[in-house]
Amino acid sequence: MPATTYKSLNSIPSLIISVIEEGKLLVSFNITEAKQGKIMRSKNKAYALRCEIRGKTYSFEREHLDILSQSERRTLYNWLKVDGSELNWDLA
């Protein structure tokens with residue numbers, strides 16, 4: 001009798017994020033295009049999330065991140081493997 005082996009596959013998130021700055025589209029990307037995530041700090045205080053998207057480095061500060069839902073931020077942080085809780089600055 002043949003045995004069946006099941007493997008658990010990590011699901012790849014499908015999330016499009018659009019970031020607007022000063023009323024203009026800064027970047028729109030699928031979360032899988034983001035890599036090399038890093039929390040930026042000044043005087044030991046987190047102030048931005050930096051990552052690379054399609055070969056260009058972006059820094060997302062509060063005004064960028066607070067337009068995302070909590071779920072979207074969590075998915076982005078998880079994808080980039082960063083502790084985004086430092087950047088939640090009491091976001092509603």
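Which helix holds His64? His64 sits in helix H1, residues 62–65. This is a predicted model. The chain has two helices and five strands. Along the sequence they follow the pattern β-β-β-β-β-α-α. Of the 92 residues, 33% count as buried. Take contacts between residues at least 6 apart in sequence: 46% of them join residues at least 24 apart.

- Strand S1 covers residues 16–21, and strand S2 covers residues 24–30.
- The two strands run antiparallel and are joined by six bridges.
- Across this pairing, Ile20 stands opposite Leu25 in S2.
- Two residues lie between the strands of the hairpin.
- Glu22 in this hairpin takes a positive phi, near 55 degrees.

- Is His64 buried or exposed? His64 counts as buried, because its relative accessibility is 2%, and the cut-off for buried is under 20%.
- The side chain of His64 makes a polar contact of 3.0 Å with the side chain of Glu21.
- A polar atom of the His64 side chain also lies 2.9 Å from the backbone nitrogen of Glu61.
- Set aside the neighbours within four places in sequence, and His64 is in contact with Val19, Ile20, Glu21, Leu26 and Ser59.

**The three-stranded sheet**

- Three strands form an open sheet in the order S3-S4-S5, with antiparallel pairing.
- Which strands form the edges of this sheet? The edge strands are S3 (34–42) and S5 (56–60), and each pairs on one side only.
- From one strand to the next, the twist averages 25 degrees.
- Strand S4 spans residues 45–53 and pairs with S3 over seven bridges, in the antiparallel sense.
- Within that pairing, Ile39 stands opposite Leu49 in S4.
- In a regular strand, side chains alternate between the two faces of the sheet.

**Helix H2**

- Helix H2 spans residues 70–80 and lies across S3 and S4.
- H2 runs at about 105 degrees to S3.
- Which residues of H2 are buried? They are Arg73, Leu76, Tyr77 and Leu80.
- Seen down the axis of H2, these buried residues fall within an arc of 95 degrees, so they line one face of the helix.
- The cover over the buried residues of H2 includes S1, S2, S3, S4 and H1.
- Lys81 follows H2 and has a positive phi, near 60 degrees.

**Salt bridges**

- How many salt bridges are there? The count comes to three.
- Side chains of opposite charge can pair when their charged atoms come close.
- Arg54 and Glu33 meet through their side chains, with an N to O distance of 3.0 Å.
- Arg54 is in the loop between S4 and S5, and Glu33 is in the loop between S2 and S3. The pair links distant parts of the chain, 21 residues apart.
- Glu33 is partly exposed, with a relative accessible area of 29%.
- Glu52 forms a salt bridge with Lys35, and the closest N and O atoms are 3.8 Å apart.
- Glu52 is in strand S4 and Lys35 is in strand S3, 17 residues apart.
- Glu52 counts as buried, at 18% relative accessibility, whereas Lys35 is partly exposed, with a relative accessible area of 44%.
- Arg41 forms a salt bridge with Glu86, whose closest N and O atoms are 2.4 Å apart.
- Arg41 lies in strand S3 and Glu86 in the segment after H2, so this pair ties together parts that are 45 residues apart in sequence.
- Both ends are partly exposed: Arg41 has a relative accessible area of 42%, and Glu86 has one of 32%.

Note on methods: Residues are numbered from 1 along each chain as its sequence is written. This is a predicted model: local features need pLDDT of at least 70, side-chain atom pairs count only at pLDDT 80 or more; totals for chains, interfaces and linings use all residues. Side-chain values use heavy atoms; hydrogens and water are left out. Two strands pair if DSSP finds at least two bridges between them. Helices (H or I, at least four residues) and strands (E, at least two) are DSSP runs, numbered from the N terminus. Buried means under 20% relative accessible area, exposed over 50%, partly exposed in between (1.4 Å probe, protein chains only). A polar contact is a pair of N or O atoms within 3.5 Å; within protein, one must be able to donate a hydrogen and the other to accept it, and residues adjacent in sequence count only if both atoms are side-chain atoms. Contact means heavy atoms within 4.5 Å. Axes are lines fitted to C-alpha atoms, for helices over the stretch in contact, and angles run from 0 to 180 degrees between N-to-C directions. A salt bridge is a side-chain nitrogen of Lys or Arg within 4 Å of a carboxyl oxygen of Asp or Glu. The arc is that of the directions from the helix axis to the C-beta atoms.
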